[in-house]
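Here's a quick briefing to read alongside the model. Keep the sequence and the 3D view open as you go.

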Amino acid sequence: MRLSRRTLTAAAVALLLPLSACGSGGDEGGSTDASGKVEGDITFQTWNLRANFKPYFEGLITDFEKKHPGAHVKWIDQPAEGYADKISADAAGGTLPDVVNVTPDLVAPLARAGLALDLDRSAGRYRSEYLPGAWAGHQVPGLDGTYAFPWYLNTGPLFYNKALFRKAGLDPSAPPKTYGDLFADARRIAGETGGKVATLANVPTIEDFGRYGVPLMNKEGTGFAFDDAKGVELLTEYKRLYDVGALDPQALTATPESAGKKFLTQAVAMNPGSALDLGNFKKQAPGLYKNIGITDQITSTGHANMYVMGVMVNSRTKHTPAAVAFAHFVTDARNQMSFAKRVAIFPSTAGSLDDPYFTEEDGTDETRVRVASAKSLKTAVNYTPVLFSEQMKTALRNEVAKALQGKESPEAALDNAVKACDRLLKQQG
């Protein structure tokens, strides 16, 4: 997948996978036993990685085949556009590759259809090699098991504009650390600028509700729960920000890219980002770059949000030992560290984030962001429910917009969002 995207999301493959596949189980065609000899021809599918990382993956495959002379890996790389559709078509047609690059929301319908190998059963011996939060990233509510090896992770800090904080009479060396601080500072900046400078350019997403400590789903995974009192509290606070100009009015239709441009032009005071953004600031907005502040994600839970990529094994593969061995090889500590040094992502393997590359600063902003992000990832979680599809994100966004505009109360908006998401959940089978 394109590594420059801040949010590693995917389309709603659940709506495309035939419902007749649901509940078919994982025993048809393949074996769950990964303990046999590593041999046979397998296919490995990545997500828009060939253009920038062809030598890396070719070397990876060569190393694996040298280690296991009886195995052969055919690498397939699919474009970013239509990736979910391609997986759906392959799943329906019985042509799903043996090893597949996935995100949690992509793996969920495949697991429920019995097409994703349960690694707790087949490869549980590797579990301790990964960060607990990363391993849990591909678990599906309502199912027992883990359905993909965690691969690379991403997260990022909050950037803030020290000059805008200073102009509002706020200490630029003391950015907000709690939601209470954030809301108070945002109202202060709006008040001091007559509503001309907003602090935030994004409406709250499902990840924001998670960071605020809102329960997102019931334990059974059969329904959503973000319309509870704490969820209403968060949306009410955002409504107050919107009313005084502390939340940019264009946030109702903003994308991460458009919100980033608002921050780049110094129209808003804070924005989430990653180390990838710093070079962009330096090149396109030197005035902003010299005033850039970097702080941790704000969370009420003590756990930052992570975005996680995974490597899934097709439960119908004819070569389970080889497919599992290769999926583990791609995601082991040595190869993840090698990949992380080529691009601004983070390994999901336990202990890797203690490497000096992720712990020692050299005085540059880039290493400062990398070190801070790596530290937060040790205990980070993926707040986006694996069953939360793109359609559900749209339903939540639409209801949040109605609440901010005063067309509905925060309570009614979240109740309606939960009802819409629950209906979509039932359609997933």
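Asp 208 and Arg 211 sit together in helix α8 (residues 206-211), three residues apart, about one turn of the helix. They form a salt bridge, with the closest N and O atoms 2.7 Å apart, and both residues are buried. This is a predicted model, in which local features need pLDDT of at least 70 and side-chain atom pairs count only at pLDDT 80 or more, while totals for chains, interfaces and linings use all residues. Residues are numbered from 1 along each chain as its sequence is written, and side-chain values use heavy atoms, with hydrogens and water left out.

**Terms used here**
- Helices (H or I, at least four residues) and strands (E, at least two) are DSSP runs, numbered from the N terminus.
- Buried means under 20% relative accessible area, exposed over 50%, and partly exposed in between (1.4 Å probe, protein chains only).
- A salt bridge puts a side-chain nitrogen of Lys or Arg within 4 Å of a carboxyl oxygen of Asp or Glu.

**Salt bridges**
- Searching the whole structure turns up 14 salt bridges.
- Glu 192 and Arg 188 pair up through their side chains at 3.7 Å, N to O; being four residues apart in helix α7, they are separated by about one helical turn.
- Arg 188 is partly exposed, with a relative accessible area of 37%.
- Glu 399 bridges to Lys 402, with the closest N and O atoms 3.5 Å apart, and these two are three residues apart in helix α17, so about one helical turn separates them.
- Glu 399 is buried at 11% relative accessible area, whereas Lys 402 counts as partly exposed at 31%.
- Arg 187, Glu 237 and Arg 240 are linked in a network of salt bridges.

**Helix α7 against helix α9**
- Helix α7 (residues 179-192) and helix α9 (residues 229-244) pack at about 10 degrees, with axes 9 Å apart; axes are lines fitted to C-alpha atoms, for helices over the stretch in contact, and angles run from 0 to 180 degrees between N-to-C directions.
- That makes α7 and α9 roughly parallel to each other (angles under 35 degrees count as such).
- On the α7 side the contact (heavy atoms within 4.5 Å) is made by Phe 183, Ala 186, Arg 187 and Ala 190, and on the α9 side by Leu 234, Glu 237, Tyr 238, Leu 241 and Val 244.

**Asp 98, a buried charge**
- Asp 98 lies in the loop between α2 (83-93) and β3 (99-102).
- What is the nearest side chain of opposite charge to Asp 98? It is Lys 318, 8.8 Å away, and Asp 98 is buried yet has no salt bridge (Lys and Arg count as positive, Asp and Glu as negative; His and the chain ends are not counted).
- The side chain of Asp 98 does make a polar contact with the side chain of Thr 317, at 2.6 Å (a pair of N or O atoms within 3.5 Å; within protein, one must be able to donate a hydrogen and the other to accept it, and residues adjacent in sequence count only if both atoms are side-chain atoms).
- Leaving aside neighbours within four places in sequence, the contacts of Asp 98 include Asp 41, Thr 43, Asn 314 and Ala 323.

**Helix α13**
- In helix α13 (residues 320-330), 11 of the 11 residues are buried, so the helix is largely enclosed by the rest of the structure.
- Among them are Ala 323, Phe 326, His 328 and Phe 329.

Note on methods:
Angles under 35 degrees count as roughly parallel, over 145 as roughly antiparallel, 65 to 115 as roughly perpendicular and the rest as oblique.
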